[in-house]
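Morning, everyone. I'll take a few minutes on one structure. Please look at the screen.

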Amino acid sequence: MESLQVLVKAGIYILMAAGSLAAIGAVFFPNLFYAGLSLAGVLICVAGIYLSAGADFLAMVQILIYVGAVMTLIIYAIMLTNIEEIKVSHLGIKQILLSILAVSGFAVLTASAILSIDWRPLSGQNRLEVHELGAALMSRYIFPFEVLGILLFAVLIGAIVIARKDKV
Amino acid sequence: MNLIPTEHYLLFALVLFAAGVTGILTRRNVIGVLISIELMLNAAAINLVVFSHTVKTAPETGQLFAFFVIALAAAGAAVGLAIVLALYRNRHTVQTDEMNLLKW
């Protein structure tokens, strides 16, 4: 039992390391197609993190919506717009260095803030069953749920209208 | 469940978020910027899930709002990529520094 726990722990840390590496790849790969594939890797790692945090339903949703739908959209967009100008994929070296400097400053500040707080540990009894989530979605959070439905409907129409070829 | 301390989840989310911000600041291609936005939204969703264990609200709040974030990210990706396709069709570019139509 003890060794199993150590194994699971090591697995979670390996997932986190892989996710971080894939995220850096998604940002810095010059070839956008590779960047998209790295993003898929990040999304799958995040699904594993959700599993480890007790959010089984979210892990499934992550795989279905992100890896299934959003990745397909992004790959399609890359292939539909891919011309040879992909060679120059980033702004100049000065902008890259300045951005990395600013972002690492932000990251150090936030990390020191995170580490200075005494967080309550994740509690084991908070693992939720899917039917509890569904009941909450249908009772307490019914309003955001309905608004989300209207938004997705508008997005469906809007995406078709924007991307269609002929002008009315 | 209490295998990993909360800080480590938050630090992982911070790495994802920082990578996303770097991508937004440095990418020349709009689709690259959209990929970076997806990274940042994922970091926020991880934080929501983790905080749902550590605060005293109803336990399903964090997971449901992470679910809403995922749905909104899908909506954003759909509209964003439609705009990219329309822009590519009209202006023949997907580079951020060549999109100066609204620049004065």
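This is a predicted model: local features need pLDDT of at least 70, side-chain atom pairs count only at pLDDT 80 or more; totals for chains, interfaces and linings use all residues.

Let's begin with the interface. How many residues of chain B are in contact with chain A? The count is 78, and they meet 83 residues of chain A. Together, chain B and chain A bury about 7,500 Å² between them. Of that buried area, 75% is on carbon and sulfur atoms.

Now, which parts of chain B supply that side? Three helices each give at least two residues: α1 (6-26), α2 (30-54) and α3 (60-91) of chain B. The largest share is from α3(B), with 26 residues. Sort the side of chain B that touches chain A by class, and you get 50 nonpolar, 19 polar and 9 charged residues.

What about specific pairings? Between chain B and chain A, the count of salt bridges is 0. Polar contacts do turn up: 11 residue pairs across the interface, both partners at pLDDT 80 or more.

Next, the largest pocket. Its volume is about 230 Å³. Which residues lie nearest its centre? They are A:Val103, B:Val15, B:Ala18, B:Ala19 and B:Thr22, out of 13 lining residues. Both chains take part. From chain A, α1 (2-28) and α4 (93-116) each give two or more residues to the lining, and so does α1 of chain B. The largest share, 6 residues, comes from α1(B).

And the class of that lining? It has 11 nonpolar residues, 2 polar ones and no charged ones.

That's it from me. Thank you.

Key: Residues are numbered from 1 along each chain as its sequence is written. Chains are lettered from A and ligands numbered from 1 in the order in which they are written. Side-chain values use heavy atoms; hydrogens and water are left out. Contact means heavy atoms within 4.5 Å. Buried area is the accessible area (1.4 Å probe) that two parts lose on being put together, summed over both. A salt bridge is a side-chain nitrogen of Lys or Arg within 4 Å of a carboxyl oxygen of Asp or Glu. A polar contact is a pair of N or O atoms within 3.5 Å; within protein, one must be able to donate a hydrogen and the other to accept it, and residues adjacent in sequence count only if both atoms are side-chain atoms. Helices (H or I, at least four residues) and strands (E, at least two) are DSSP runs, numbered from the N terminus. Ala, Val, Leu, Ile, Met, Phe, Trp, Tyr, Cys and Pro count as nonpolar, Asp, Glu, Lys and Arg as charged, and the others, Gly among them, as polar. On a 1 Å grid over the protein atoms alone, a cavity is a set of points where a 1.4 Å probe fits but cannot get out, and a pocket is an open set with protein on both sides within 12 Å along at least five of seven lines; lining residues have an atom within 4 Å of a point. Grid points are joined across faces, edges and corners, and a volume is the space filled by probe spheres set on the points.
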